[in-house]
Amino acid sequence: MAKKILIVDDEADLRSALGSALKAEGYTVVEAVDGEEGLAMAVKEKPDLILLDLIMPKLDGFGMMEQLREDSWGKDAKVVLLSVLEDVDTISKVLNRGGYDYIVKTDWKLAEIVDKIKTKLG
Amino acid sequence: MDGKPRYVRALFIATFIFVLLVGVLYFFLGQPLGEDYLEKFQILLLSLGSPEALSRIYLMSVGTLVALLISVGVFFAATTKDRANLLAVKLLGDVLSSRELLLTLYRNSPTPYVLISGKGIITFPNEAALRLLGGEAHDLEGKSVFDFFVTDTEEHQKHLDLVPVRFDRGVPIKDEEMLIKRLDGTLRWVSLSLFPFKTPGGNRNGLAALVDITKPKEIDRAKTEFVSLASHQLRTPIAALQWHLEILTSPRLGSLNPDQQKELATIATGISRLNALIGDFLNVSRLELGTLIANKKSIDMQLFIDKLVDEQIQPIRAKELTVIKDVKTISLISDERLLAMALGNLISNAVKYTRPKDRISITVKNVGRSIEISIADTGLGIPSGEQDKLFTKLFRASNVREEIPDGTGLGLYVVKMAVGVLGGTVSYVSQEGLGTTFTIILPQ
């Protein structure tokens, strides 16, 4: 069965780019526009990987991670953070809360992100 | 004033002498004053035409003049002491009023001033200083001005400890930023200027000016935070552009003809440059805000330099540059990010400003307890008149502004700041048209 990836980001253009590249690799893609929707989606769809943006309205990446880790399924979910912020404090804060990895969007090509995901999901 | 009655007395004496002298003069030179005055006077008038009479009139005039001079002389002699006293009193009055003026100016100056003893004890704070330090004169009694300076970093503490030493050595301090803790515990930023001087008695004292720069600093910080926020915001659309461009140029959506590929390549380069620019702004703002704290770990210099040169491989190949690396097997304990900022900028500059087919050399070696990193190019060099402005923000030398319009002027500013945070120094030698060598020295 195809692996499922949940993309949580408030920017439509970024969701579409990631979605397009991942679907081309055969993954099933579901999307959410903010942390609130993302949390609901994650628990419902139980994706194999969550690509999570940090800065979003309503509930941001930090908040969603915190709440996700309190869920029985969510506490083991694989989460890769995507952001434009690159300060060490933010990164370590995120990783300490259970983030799997941290990617700065402008530093990575789409193909490189896809490769990384392929490595994580096997 | 006790001079007055003396003046009047002297005036009387002078007048008396004058009258006396004239009387004596007239007695001896004039006709004897007998009984028949009128007759004598008539005879005198008749005899006025005679040479004898004329010579007498002449003698009388001269005599009167001399008498006048003598009287004036006596008057002045009699009043010398009083005039001297009056002058002294007036001068003293002038001095006292100007001292009063000076004290008034000092007390009410909008700039906080404190006079300090040789040990730094506050002896005379002005009103503004009392307001700044947050107390009355008696609250400051016995306190040293140096006790008010505080710091939150280890590096700054060392600098702070040197301030009383420099004062003790008679070294003036000009416009140095200090953090002070007021009596109520609140903090304020000041620009400190300290002027040591010796009193007539030979004791060292000092005049400290503490200009409150808290507000300008806050504004500067807000501005930098804005740059940081804006730069981050700008990255989101850039990421979207880059990824969609990547999809467009991938074979999946169909192949493109060479012209289309060329156009898209240009667009990709443009977006890449935009991204680099924003990266520069972010680096600058982080360095200025001090949010880039050195996270030191062991760095293999050979691998590090190789990586940095690799990042420039495209322009290096395009310009057919020779890159000579002389990197001893050295491990440097430092912060990777900051080091990459410093060396990365210098290497990319070297690549940018060197002519095609020319040479760049990078050397890393141990010098005593420090590491010395040199990046030498055989490029355009820096005009000698502009060398002292080189590390300032947004500066680009005149000789490159036209030839190589692509440059933010932030690169060397970032280098200087990054090296500063790492506790090192950066310097260079350059000759226009021949090349430049930048040298960074970092403590181990």
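Accessible areas are taken from the Shrake-Rupley method with a 1.4 Å probe. On this basis, chain B of the model, which is a predicted one, exposes about 26,600 Å², and carbon and sulfur atoms supply 61% of that area. For chain A the accessible surface comes to about 5,500 Å², with 49% of it belonging to carbon and sulfur atoms.

Chain A, with 122 residues, has 51% of them counted as buried, and its secondary structure consists of five helices and five strands, which follow one another from the N terminus in the order β-α-β-α-β-α-β-α-β-α. Among the contacts in chain A between residues at least 6 apart in sequence, 58% join residues that lie at least 24 apart. In chain B, 13 helices and 13 strands are assigned, and buried residues make up 35% of its 444 residues. Of the contacts in chain B with a separation of 6 or more, 62% are accounted for by residues 24 or more positions apart.

Within chain A, A:Met65 is placed in helix H3, which spans residues 61-68. This residue has a relative accessibility of 3% and therefore counts as buried, the cut-off for that class being under 20%. When residues up to four places away in sequence are not counted, A:Met65 touches A:Leu52, A:Val79, A:Leu81, A:Val94, A:Arg97, A:Gly98 and A:Gly99. The C-alpha atom of A:Met65 is separated by 9.9 Å from that of A:Gly38, a residue 27 positions away along the chain.

Two or more lining residues are given by each of several elements of chain B, namely helix H6 (154-168), strand E4 (173-181), helix H7 (214-249), helix H8 (258-289), helix H13 (411-421) and strand E12 (425-431). The largest share of this lining, amounting to seven residues, comes from H7(B).

Backbone geometry was also examined. Most residues other than glycine have a negative phi. In chain B, however, B:Asp175 has a positive phi of about 45° although it is not a glycine, and B:Lys357, likewise not a glycine, has a positive phi of about 70°. B:Asp175 has its place in strand E4 of chain B, an element that also gives two or more residues to the lining of the second largest pocket, whereas B:Lys357 is found in the loop between helix H11 (336-353) and strand E10 (359-367). With a relative accessible area of 48%, B:Asp175 is partly exposed, while B:Lys357, at 59% relative accessibility, counts as exposed because the cut-off for that class is over 50%.

Technical notes. Residues are numbered from 1 along each chain as its sequence is written. Chains are lettered from A and ligands numbered from 1 in the order in which they are written. This is a predicted model: local features need pLDDT of at least 70, side-chain atom pairs count only at pLDDT 80 or more; totals for chains, interfaces and linings use all residues. Side-chain values use heavy atoms; hydrogens and water are left out. Helices (H or I, at least four residues) and strands (E, at least two) are DSSP runs, numbered from the N terminus. Buried means under 20% relative accessible area, exposed over 50%, partly exposed in between (1.4 Å probe, protein chains only). Contact means heavy atoms within 4.5 Å.
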